[in-house]
Protein chains: 2
Amino acid sequence: MNETKVTSQDVARLAGVSQSAVSRVFTQGASASKATIAKVRDAAEQLGYRPNPLARAMITGKSRIIGLVVAYLHNQFYPLALERLSNALQAKGYHILVFTAANSKDVIERVVRDLMDYQVDGIITASVAMSSDLTERCAAAGIPVVMFNRGQPGSGLSFVTSANFEGGRKVAKFLLAGGHKSLAHISGWQGSSTGRDRQHGFVETLAAHEANLVAIVDGMYDREVAAEAARVLIDGPNPPDAIFVGNDYMAFAVVDVIRERNLRVGNDISVVGYDDVPVAAWGAYSLTTVRQPLNRMVDATVDTLLAQINDPTRPSQKIEIDGPLILRTSARIPAGWPQ
Amino acid sequence: MNETKVTSQDVARLAGVSQSAVSRVFTQGASASKATIAKVRDAAEQLGYRPNPLARAMITGKSRIIGLVVAYLHNQFYPLALERLSNALQAKGYHILVFTAANSKDVIERVVRDLMDYQVDGIITASVAMSSDLTERCAAAGIPVVMFNRGQPGSGLSFVTSANFEGGRKVAKFLLAGGHKSLAHISGWQGSSTGRDRQHGFVETLAAHEANLVAIVDGMYDREVAAEAARVLIDGPNPPDAIFVGNDYMAFAVVDVIRERNLRVGNDISVVGYDDVPVAAWGAYSLTTVRQPLNRMVDATVDTLLAQINDPTRPSQKIEIDGPLILRTSARIPAGWPQ
DNA sequence: CTGAAAGCGCTTACAG
DNA sequence: CTGAAAGCGCTTACAG
């Protein structure tokens, strides 16, 4: 019970200096003589003193807290992103206030408001969209926002994504080269830029080659919706011989459905996903997929956010990071395909 | 840019009352006349005033922030727990400061110290152990701690787990009833109570029935370690006809290895996991496993923590929640087995 | 019920 | 470099 709060006053008393001196020793960029520093550090050590970040935040307006808003953690991509983001930010001396918020307007509204109350220095949203109203309020309050794995055209916000259009394009070319005759797309949610861009890249490339696209269905990033879409396609009059699925999480469901119908994945029907989450590499799925370069996306996100925190006048950045198609066994590999 | 910080002073001025009056209107349990409340709420609304939680925390010592320390997010059980924990706590008006911390002593030490600096009202650790030194410091600072999915005997800390010993026991009985003759256990990390308890329940029950336990290997909660252990077992002189794996995450690796050897899971070798994460129900794995009742574990954790926050004299709780064995196709089902 | 005042633990001009 | 003082935005005895 002697662990009662020790303050800079206590340290000052023990060190025989003023409270301001103690503060200076613990403040970046403030100056103190070697002697003072030594005395203060000694005393602080003895008492187990650590500056109160809350008090500090109240004065400086900098809390060194970053708000992280994430919608769902079912899709493994996000927990992994959260983990990396968290580690990267911690390494830079920031703390992470995490909110898991259903992707609904009012929930996110409330969450961001809470975040602002706590005077977070910046906000990262993952798989979440922000109303323009909210966006403006953050801007007005001078809080930088970076969107991770989502773009929001016209919002003026920074964002980091993979090259989704180009990814969709890659998949189209790969499937075409593999000689598939009848293609389908179970897309990512069309309310998300990510889902739209992948679809556009895929569809436009197919169109340019006058390929036979039998169906496009919005999978809503939902396992059941995707599975049902796959069933309808497979049981229908024109079953596809290849399906491009908007992300791995839904692609796993599609693979399960194909097997459930006693068809062979990669032989009877090729499946290609998007993300390259770890499960995609597991034996049971062995999913061909477009990799989203998680580490590089995380680094770009953190760099962008911190740069904006340190220089509020910095213009927002739109960063797209290219990711490779990873070949496994869920889709036929064209003869002579590179690698 | 008019969004410049609005304080209780501003509201007081506009409402024509004192700053204290404003504070009272926004403070639980403080009293104000109807008239004052109305005037203040009006003014606050007009100005978009919200009390600064940092300032409030400095005085009350209550930040309404809960620290959540989680080790790894690879095993889907934890992101899901994080999501639920986060939602439950948010619903109670708490905010969650999340730290992803490698399960190493000094990292956790640093993290918890940071947490204490921010004057969190409570701490939840998931899949993480705390040194007794740290435990004492939290106790001295009056910060309640609840461990999620881990017990720490002798620490005096509250914890919430599933009934792991009983779970191991259930698996043993089930496998024995299925007529398996040669059993193996790839265990959870023996440095964790969870891993140990499951193993003990399993091994002791087997011993009581004089069953043939061919091997026990520590899988370390690591996919590769578990896979390698499975290979050694299967390629060895006494391949088992049933393997109990310490959690689902490792069990998936074991299933992959069995198929890699062209053996049939559930026929040639039965596999049983632990957790019942969503992937276990997916077609590609269809894993028989012991369910950890996530929702109930989360509720118990939150209830326990909040109770301790509200009543610091409350003794610590050790809560074990029973979970059922979920039958799927990865393990032979004994004839006439209940259900 | 209400206002004036003290104080939470700091940082930061301001003089020296 | 250093100390005394003001102030960040609140809550909470203390009188009335």
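Q: Hi! How does the surface near DNA strand D split by residue class?
A: In this predicted model, that surface has 13 polar, 11 nonpolar and 3 charged residues.

Q: OK, over to DNA strand C. Which residues come nearest?
A: Ser8(A), Ser23(A), Ser31(B), Ser33(B) and Thr36(B) do, out of 27 residues around DNA strand C. Two or more residues each come from helix 2 and helix 4 of chain A, and from helix 2, helix 3 (34-47) and helix 4 of chain B.

Q: Switching to the proteins: how many residues of chains A and B are in contact?
A: 40 residues of chain B are in contact with 40 residues of chain A. On the chain B side, the elements that each supply at least two residues are helix 4, helix 5 (77-91), strand 2 (95-100), helix 6 (105-117), helix 7 (132-140) and helix 11 (248-260). Helix 5 of chain B has the largest share of that side, 7 residues.

Q: What's the class make-up of that side of chain B?
A: It divides into 23 nonpolar, 9 charged and 8 polar residues.

Q: You listed strand 2. How does it run against strand 2 of chain A, parallel or antiparallel?
A: Antiparallel: 3 bridges join strand 2 of chain A (residues 95-100) to strand 2 of chain B. Within that pairing, Ile96(A) stands opposite Val98(B).

Q: Nice. What rotation puts chain B on chain A?
A: A rotation of 180° with 0.0 Å of shift along its axis superposes them, at an RMSD of 0.0 Å. That is the relation of a two-fold axis.

Q: Which C-alpha of chain B is nearest the axis?
A: The one of Leu97(B), 2.2 Å from the axis.

Q: Last one: do the copies meet through the same surface or different ones?
A: The same surface, because 100% of the interface residues of chain B are also interface residues in chain A.

Notes:
Residues numbered from 1 in each chain as written. Chains lettered and ligands numbered in written order. Predicted model: local features only at pLDDT ≥ 70, side-chain atom pairs only at ≥ 80, totals over all residues. Nonpolar A, V, L, I, M, F, W, Y, C, P; charged D, E, K, R; others polar. Near = placed C-beta within 6 Å. Helix = DSSP H or I, 4+ residues; strand = E, 2+ residues; numbered from the N terminus. Contact = placed C-beta atoms within 7 Å. Pairing = 2+ DSSP bridges. Least-squares fit on C-alpha atoms with pLDDT ≥ 70 in both.
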